[in-house]
Amino acid sequence: MYNFRFYVPTKIYFGKGEISHLAELKDYGSKVLLVYGGGSIRKNGIYDSAVKILGEAGLSVFELAGVEPNPKIETVRRGVGICKEEKVDMVLAIGGGSTIDCAKVVAAGAKYDGDPWDIVLDGTKAVTALPIFSVLTLSATGSEMDQFAVISDMTKNEKWGTAADCMKPTMSILDPTYTFSVSKKQTAAGTADMMSHTFENYFTKEKGVDVQARFAEGLLKTMIKYGPVALAQPDNYDARANLMWAASHAINGLIANGSQPAWCVHPMEHELSAFYDITHGQGLAILTPVWMKFVLKKDPTTAENFAVYGRNVWGIDDDDDQSAAEKAIECTRKFLFETMGLPANLRAVGITSDEHFEVMAEKAAKGSVGCFVPLTKDDIVEIFRAAF
């Protein structure tokens with residue numbers, strides 16, 4: 001286990017009715033930028049509840065609406081402009097990971113003299129940020145409790161992740177009832193996303209990281225248990241609550257610090273989203289079993305890792321590592337595509353040719369240096385084609 005620093009400053013209010021704690025934002029100033037997406041929070045009443053609480057606390061509310069599912073730098077720039085012009089004191093995101101990611105870079109950009117795209121390309125440029133708050137409405141990315149953000153510039157077909165300690169939310173409200181209305185498509189995609197975050201941390205060559213590994217296995221078993229329940233019973237509180245809390249811990253450093261290699265499936269999926277603007281969780285689901293199968297063949301020593309995963313998460317009773325590994329990968333494939341109903345290949349999400357695979361693979365290879373099993377550009381092209 002290598003040396004690490006674990007720091008999660010986010011105050012979490014978890015449970016029904018905890019949105020009332022938005023009144024605490026008055027302690028951080030008098031002007032707040034409210035960031036949200038396509039308007040669903042207006043339909044389900046969350047917007048009205050939040051604005052009422054903020055108004056009663058004496059806060060002036062400015063709005064950045066219309067954040068995209070893959071948030072665009074143009075939207076970030078618009079938010080930064082509002083913050084600077086109106087001298088906003090803090091940023092509040094209400095929505096899923098895309099909305100929170102946008103709010104993070106807006107908050108950092110508001111304290112930065114240059115173009116916020118600089119922060120996307122180099123997180124060290126985010127030295128400070130306005131206080132960031134969130135009300136979560138979709139369990140998936142874990143952005144409510146981490147320092148990461150992913151922003152796209154579709155004019156360049158670029159989608160990059162960035163990170164800075166100053167972009168960790170000050171406070172996040174997690175009310176599982178706010179996810180009852182999430183569609184089956186987004187519930188399934190969100191489950192795939194949080195599973196992928198866990199896999200990226202779990203599959204490592206680092207030795208002596210039993211604590212992180214056992215935590216990760218517990219999270220995966222929770223996701224596998226409650227993902228299907230949430231699909232079948234959208235208003236099942238226990239299912240939504242467990243998925244929400246599991247998603248937060250998949251990426252807040254708990255299972256990463258001391259063991260995490262560079263991520264590899266996410267850089268590949270970011271290229272899919274950058275070129276085709278597909279749903280992030282669906283892209284991860286399509287790539288994950290293909291990646292598992294590819295790296296098992298490329299590096300036979302990974303059979304031990306996949307076998308441990310199969311035995312501890314799926315309960316596979318097989319003493320042969322290669323056989324157990326293959327069974328674990330098949331269990332993963334069946335869960336994502338058959339149980340959760342996610343699209344099984346790239347054609348199913350509208351990608352009808354391999355015309356961009358070469359340039360996508362070249363970018364992805366640069367973004368995954370030091371991953372669990374090193375992948376070349378040609379390796380990634382092969383993975384894309386196998387997923388096609």
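R5 is exposed, because its relative accessibility is 56% and the cut-off for exposed is over 50%. The model in which this value was computed is a predicted one. The side chain of R5 meets that of D165 in a salt bridge, with an N to O distance of 2.4 Å. The two partners come from distant parts of the chain, 160 residues apart. R5 belongs to the segment before β1 (11–14), whereas D165 sits in the loop between β7 (158–163) and β8 (171–174). D165 itself is partly exposed, at 34% relative accessibility.

D165 also forms a salt bridge with K168, and here the closest N and O atoms are 3.4 Å apart. K168 has a relative accessible area of 12% and is therefore buried. Together, R5, D165 and K168 make up a linked network of salt bridges. Side chains of opposite charge can pair when their charged atoms come close.

## Salt bridges elsewhere in the chain

How many salt bridges does a search of the whole structure find? The search finds 18. One of these joins K298 to D379, with 3.1 Å between the closest N and O atoms. Because K298 lies in helix α10 and D379 in helix α14 (residues 377–386), this pair ties together parts of the chain that are 81 residues apart in sequence.

## Nonpolar cores

The largest nonpolar core has 72 residues. Within this core, M268, W291 and L375 have the most contacts. Helix α10, which spans residues 280–298, gives the most to the core, contributing 10 residues. Another core lies apart from this one and has 35 residues, including L33, A108, A164 and M244.

The surroundings of W291 can be described in more detail. When neighbours within four places in sequence are left aside, W291 is in contact with F203, C264, V265, M268, F306, F372, L375 and I383.

## Packing of helices α11 and α12

Two packed helices are described by the angle between their axes and the distance between the axes. Helix α11 (residues 303–314) packs against helix α12 (residues 321–339) at an angle of about 60 degrees, and their axes are 7 Å apart. At this angle, α11 is oblique to α12. The crossing of α11 past α12 is left-handed.

On the α11 side, the residues that meet α12 are A303, E304, F306, A307, Y309, G310, R311 and W314. Their counterparts in α12 are D321, Q322, A324, A325, A328, C331, T332 and F335. T332, in helix α12, is buried, with a relative accessible area of 1%. Not counting residues up to four places away in sequence, T332 touches F199, M292, Y309 and W314.

Most residues other than glycine have a negative phi. K87 has a positive value, near 55 degrees. This residue is placed in the loop between α3 (73–86) and β4 (90–95), and K87 is exposed, at 62% relative accessibility.

N157 likewise has a positive phi, near 55 degrees. N157 lies in the loop between β6 (148–153) and β7. Is N157 buried, partly exposed or exposed? At 24% relative accessibility, N157 counts as partly exposed.

## The setting of G95

G95 is located in strand β4. With a relative accessible area of 5%, G95 is buried. Leaving aside neighbours within four places in sequence, the contacts of G95 are I100, V135, L136, T137 and L138.

G95 can also be placed relative to W245, a residue 150 positions away along the chain. The C-alpha atoms of G95 and W245 are separated by 16 Å.

Conventions. Residues are numbered from 1 along each chain as its sequence is written. This is a predicted model: local features need pLDDT of at least 70, side-chain atom pairs count only at pLDDT 80 or more; totals for chains, interfaces and linings use all residues. Side-chain values use heavy atoms; hydrogens and water are left out. A nonpolar core is a set of buried Ala, Val, Leu, Ile, Met, Phe, Trp, Tyr and Cys residues joined through side-chain atoms within 4.5 Å. Buried means under 20% relative accessible area, exposed over 50%, partly exposed in between (1.4 Å probe, protein chains only). Helices (H or I, at least four residues) and strands (E, at least two) are DSSP runs, numbered from the N terminus. Contact means heavy atoms within 4.5 Å. A salt bridge is a side-chain nitrogen of Lys or Arg within 4 Å of a carboxyl oxygen of Asp or Glu. Axes are lines fitted to C-alpha atoms, for helices over the stretch in contact, and angles run from 0 to 180 degrees between N-to-C directions. Angles under 35 degrees count as roughly parallel, over 145 as roughly antiparallel, 65 to 115 as roughly perpendicular and the rest as oblique. A crossing is left-handed if the near helix is turned anticlockwise from the far one by less than a right angle, and right-handed if clockwise.
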